[in-house]
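Q: I am new to this structure and would like to learn how to read it. Could we go through it together, one feature at a time?

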Amino acid sequence: MAEPTHLDAYGRARMVDVSGKTETAREAVAEGFVRMSDEARAAAVSGENPKGDIRAVAEIAGVMAAKKTAELIPLCHPLPLSKIEVEVAPADGGFAVRARVKTTSQTGVEMEALTAVSVACLTIYDMLKAADKGMTLSDIHLVEKAGGRSGHYRAER
């Protein structure tokens, strides 16, 4: 097992020094799902939800969250993000959420993509909780990443 990268010699948390790494194009894709009742899904799809267009609001929330990842996750580096794309789509049993984030930097954007998906899912919950308090957020995971020293990764699901 490799040495811990986020601990110093005394076991204290530290941000990894990436100053010696080369800036490369990097991209990450993450997905998640919000499972809900048929009634809540129908209200959201039909536009009859009293809080408005859940898809548009959740997509913007995901974009905003990706930009704030370094403020939310203690040891993440702030990154110059060149693209953030969040898509919320009706699916069987709820809504599927997908985020794609790009940068040219010294470290990857996996956390930004995962944060975008997580906050978009939470926003969907917030906007539909009056219709269904039993919604569940699930399957938030990294689908793919490209760039950097570790190269290409694609989840096998």
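Predicted model: local features only at pLDDT ≥ 70, side-chain atom pairs only at ≥ 80, totals over all residues.

Q: Is T123 buried or exposed?
A: For this you look at the relative accessible area, and under 20% counts as buried. T123 has 14%, so it is buried. Leaving out residues up to four places away in sequence, T123 touches V57, A58 and A61.

Q: Which residues of α2 are buried?
A: With a helix, list the buried residues and then see where they point. In α2 they are I54, A58, A61, G62, A65 and A66. Looking down the axis of α2, these buried residues fall within an arc of 135°, so they line one face of the helix. The face turned away from that buried side carries the exposed residues I60 and K67.

Q: What do the buried residues of α2 pack against?
A: Their partners are α1, α3 (69–72), β2 (81–91), β3 and α4. There is also a detail at the start of α2: a side-chain oxygen of D53 reaches to within 3.1 Å of the backbone nitrogen of R55.

Q: How far apart are the end C-alpha atoms of α2?
A: They are 20 Å apart. At 1.5 Å a residue, the 14 residues of α2 should span 20 Å, which agrees.

Q: Which residues of α1 are buried?
A: In α1, which covers residues 38–46, A40, A43 and A44 are buried. Seen down the axis of α1, the buried residues fall within an arc of 95°, so they line one face of the helix. D38 and E39, on the other side of α1, are exposed. The buried residues pack against α2 (54–67), β3 (94–105) and α4 (110–128). Just after α1 comes G47, with a positive phi of about 85°.

Q: Which residues have the most contacts inside the largest nonpolar core?
A: To read a core, ask who belongs to it and which elements supply it. The largest one has 27 residues, and those with the most contacts inside it are M36, I54, F95, V97, I124 and L128. Two or more residues come from each of β1 (24–35), α1, α2, β2, β3 and α4. Of these, α4 gives the most, with 8 residues.

Q: Which residue forms a salt bridge with R100?
A: The partner of R100 is E27, with the closest N and O atoms 2.5 Å apart. R100 lies in strand β3 and E27 in strand β1, so the pair ties together parts that are 73 residues apart in sequence. The search of the whole structure finds 7 salt bridges.

Q: Where do the side chains of D126 and K51 lie, and how do they meet?
A: They meet in a salt bridge, at 3.9 Å from N to O. D126 is in helix α4 and K51 is in the loop between α1 and α2, so this pair ties together parts 75 residues apart in sequence. Salt bridges that share partners join K51, D126 and K129 into one network.

Q: What kind of phi does D139 have?
A: Phi is a backbone angle worth checking residue by residue. D139 has a positive phi of about 55°, although it is not a glycine. D139 lies in strand β4, residues 136–146.

How values were computed:
Residues numbered from 1 in each chain as written. Heavy atoms only, no water. Buried < 20%, exposed > 50% of the residue type's maximum accessible area, 1.4 Å probe, protein only. Helix = DSSP H or I, 4+ residues; strand = E, 2+ residues; numbered from the N terminus. Arc of directions from axis to C-beta. Contact = heavy atoms within 4.5 Å. Expected span 1.5 Å × (residues − 1). Polar contact = N/O pair within 3.5 Å; in protein donor to acceptor, adjacent residues only side chain to side chain. Core = buried A, V, L, I, M, F, W, Y, C linked by side-chain atoms within 4.5 Å. Salt bridge = Lys/Arg side-chain N within 4 Å of Asp/Glu carboxyl O.
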